[in-house]
Amino acid sequence: MAEERRGSWFGFGFCGFGQALGSGRGRQVHSPEPLETPGPGADVCRVSASWSYTAIVTRGGQVQLSGAAGGAAGGCRDAWASEALLVVLRAGPAVGSRPELQAWAPGSALRGEPLWTHTLVSEAEREDAAGGEPQARALPLLPGARAYVSPRPPFYRPLAPELRARRLELGGEHALLLDEAGQVFSWGQGRHGQLGHGTLEAAPEPRLLEALQGLPMAEVAAGGWHSVCVSETGDIYVWGWNESGQLALPTRSLAEDGKTISREAGWPSEGDSDVRTVGSEDGAPAPFIAIQPFPALLDLPWGAEAAQASCGSRHTAVVTTVPAE
Amino acid sequence: MAEDNREPLAGAGALREALWALLPPTKEELVPELGEKVELGMARLLQEATELFCGGRRSECLQASEAILDYSWEKLNTGPWRDVHKDWRRVYAFGCLLKAVCLCDEPGNAPAVAEALKVCDMGLLMGAAIHGDILIKVAAILQAHLPSGKRPGPARQQPGTKKARNDGVPVPDVASERPVPRLRCPSLQHFRKQFLAPGRPVILEGVVDQWPCMTKWSLEYIQEVAGCRTVPVEVGSRYTDEEWSQTLMTVNEFISKYIRDESRDVGYLAQHQLFDQIPELKRDISIPDYCCLGDGEEDEITINAWFGPRGTVSPLHQDPQQNFLVQVIGRKYIRLYSPQESEALYPHETHLLHNTSQVRRWQQPRSSCALCAGLQGHQQPRRARGLASARRSVDLSPLGKRVISGHSPSQGGVSTGPPSPTRPSCRGLPGAQSDAGTCGLQPDAALPWHPERRDIAVRCCQGVLGKFTLRSTQGDGDAGRPVSPGAEC
């Protein structure tokens, strides 16, 4: 297993429920602030943020909830938070027993009984989960990559083993899968172009993103109705709904509101335009794009390369590195 | 409060009082009752927002209601419209209610009142009724309190717009085509036996003569009654085009931009349940007796409005429900084809447009009519054969599920009809613009059997007409979801 990078956690966004985001003061945190850790010296290895609460997992195996849902529990390797369901991967109840996947109602504060459990029985599952360190960023993909967990029934969903899933991310109505070879698959609803196959049709089974074939991807992220992936060479590809500007493509709603996208971040702007427009080849400003049904390559300013991407329901955040001169 | 003071301050105080008088008296009654679908986080937020509201903490309540609206809007955009749980729509309406009332708390802030009215309209368009349809009552009060500058007034200098303008636009020659028959006030039995049951189109004359709308409706009147109300407008000449999109604007804006000015773009207030949103207009119309012949309950009858300038086109499509179309002002040209011709009409294969033909230009139509003001058409395409051209749904007729109706460029109309999949489901995507084109859903399919095509570009006058359903059916999942670009209200 790759050595886990140790660093600091930062958060920003809506914290009207008192979720631990930065200082937690006020309802919104506009710029990244250091995350409040549960207890001094706690080494946070996983953070899963739902809308009204956040689940934080430490290397010591503690999962702690903050926000509309509270509570804490030990023996936890991984957690995944959604409004309907909190899923945790825990060591078995007794010493030497098998690890268990548990689904809890967020309001239960991890007390009482979970809504359902799934014991990891297969060799593949147990091997994957047996490492001493808690799992990092595996859920909703289960250890062994033979299945994943969904917040809507059926909760346990098998995956074809030939997919060789490395990462799996769930959007509002779709799923993205990154396999060992760096290929991306998508399935689910496609009304907003979030599947990336060039149409608005749904896909019931995982379908390869042909547009990205030959470009090995390192990360995938899924938002409410959009998808993002980061290639091994640091490029970002986006597709899906752009109604709120989540794809960083020109959007009517933001242009009409006069909101700046790039200026806040200090990106170079073009003349009087408040919106960083994607130009077409002849130099004319591109029209508004509400739906991008197949992957589009984004340019990052200053030659930055993307390291990681994460999606909220209607926004995207990217961590970049700037290559050495 | 100084009654004798005519300053806005007194007016604003009266506004606040009038609004609060509509609300349930206690905090416990104000919080909407919701089931399990609404999760823990939102349930807590609703409680909190209600407490802030009752505690007079206006700006915090506004923040909380924005969060309510943000989250519930996402639920409204998840999945097909028919699967959106009504509780989420109630949450959305509740958020609109809190926001609208909070906006009006500030005395004398006229733009805030206009914004509050827009918020109410969003709640009416996207939400579900709460507290006895309170948003309708709130909207009525807000409208009455808008300062005269913002209140819709009669139009500036327009000549009388009751008569449809005829700018010498060529009207298609229906005589050369097989006309839809016309009857004067047939009996229910005769109608059912001759037209409804066998599925034949017919135009009914004399049925709507006494409706108030026939004499009252004009652009000035509509602006007066509904000018500052927000409605969904389709922009683009037809919904299969790449540039087609939906947007929201006030009726005043729509009329000045797309009706009076005849801008380059075609704007169409199409398939919108305007009469649920604006009860004053509903009083001007009635429901034809023939509607009782349908299978469903009377409260399942939906009434849509169609209001637009000349040159609007509905591509050839199929309505899922029997319906009547009433032309109040202006004229429309309609072509009908039998459902038996479906194969020959190249329905799109995509789910989005599966009930719309790919054909844009048509061969000689077989059955057609020009529906003029005052006529109620009943469309029964089973007998028609041949190609139908696209046209706004003008036909008043119980359209069987397999009816294919084409609409040629129309004069706009307030057609009330079922929230049918005649319009593509992308209209049901709040905020979605029809990037159908960017997805390769090109409507122009080659016609293999006839090289000669005739362009049916009929330019007619502005018009208003209505359309009623006989019964409700389950249409496409996305049909009926109101548009909400950008979502936020």
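In this predicted model, A:Arg59 and A:Asp43 are joined through their side chains by a salt bridge, with N and O 3.1 Å apart. A salt bridge here is a side-chain nitrogen of Lys or Arg within 4 Å of a carboxyl oxygen of Asp or Glu. The two partners come from distant parts of the chain, 16 residues apart: A:Arg59 sits in the loop between strand S4 (53–58) and strand S5 (63–67) of chain A, and A:Asp43 in the loop between strand S2 (28–34) and strand S3 (44–49) of chain A. Helices (H or I, at least four residues) and strands (E, at least two) are DSSP runs, numbered from the N terminus.

Residues are numbered from 1 along each chain as its sequence is written, while chains are lettered from A and ligands numbered from 1 in the order in which they are written. Because the model is predicted, local features need pLDDT of at least 70 and side-chain atom pairs count only at pLDDT 80 or more, totals for chains, interfaces and linings use all residues, and side-chain values use heavy atoms, with hydrogens and water left out.

**Salt bridges**

Side chains of opposite charge can pair when their charged atoms come close. Over all chains, the structure holds 19 salt bridges. The table sets out three of these pairs.

| Pair | N to O distance |
|---|---|
| A:Arg59 and A:Asp43 | 3.1 Å |
| B:Asp105 and B:Arg16 | 2.6 Å |
| B:Asp87 and B:Arg90 | 2.6 Å |

How covered are these residues? Buried means under 20% relative accessible area, exposed over 50%, and partly exposed in between (1.4 Å probe, protein chains only). In the chain A pair, A:Arg59 counts as buried at 16% relative accessibility, whereas A:Asp43 is partly exposed at 27%.

Turning to chain B, the side chains of B:Asp105 and B:Arg16 meet in a salt bridge. B:Asp105 lies in the loop between helix H5 (86–103) and helix H6 (110–126) of chain B and B:Arg16 in helix H1 (residues 8–22) of chain B, so this pair ties together parts that are 89 residues apart in sequence. B:Asp105 is partly exposed at 22% relative accessibility, and B:Arg16 is partly exposed at 37%.

The salt bridge between B:Asp87 and B:Arg90 has another setting. Both residues belong to helix H5 of chain B, 3 residues apart, or about one turn of the helix. B:Asp87 is buried at 5% relative accessibility, and B:Arg90 is partly exposed at 25%. Back in chain A, A:Arg167, A:Glu169 and A:Glu219 are joined into one network by salt bridges that share partners.

**Backbone details**

Most residues other than glycine have a negative phi, and most peptide bonds are trans. Where does the model depart from this? One place is the cis peptide bond between A:Leu139 and A:Pro140, with omega about 10°. A:Pro140 is in the loop between helix H1 (123–129) and strand S11 (147–149) of chain A. The loop between H1 and S11 of chain A also holds A:Ala145, which has a positive phi of about 55° although it is not a glycine. A:Ala145 is buried, with a relative accessible area of 15%.

From A:Pro153 to A:Pro154 the peptide bond is cis too, with omega near -5°. A:Pro154 is placed in the loop between S11 and strand S12 (156–158) of chain A.

In chain B, B:Cys185 has a positive phi of about 40° and is not a glycine. B:Cys185 lies in the loop between strand S2 (182–184) and helix H8 (188–196) of chain B, and at 42% relative accessibility B:Cys185 is partly exposed.

B:Val251 is found in helix H11 (residues 251–260) of chain B and is buried, with a relative accessible area of 2%. B:Glu298, by contrast, is exposed at 60%. B:Glu298 is in the loop between helix H13 (279–282) and strand S7 (303–308) of chain B.

**Annotated spans**

An unreviewed UniProt entry lists "domain: DM8" at residues 62–130 of chain B. UniProt positions are given in the numbering used here, feature names are shortened, and annotations may be inferred rather than shown by experiment. Residues 62–130 of chain B are 72% helix and 0% strand, with the end C-alpha atoms 19 Å apart.
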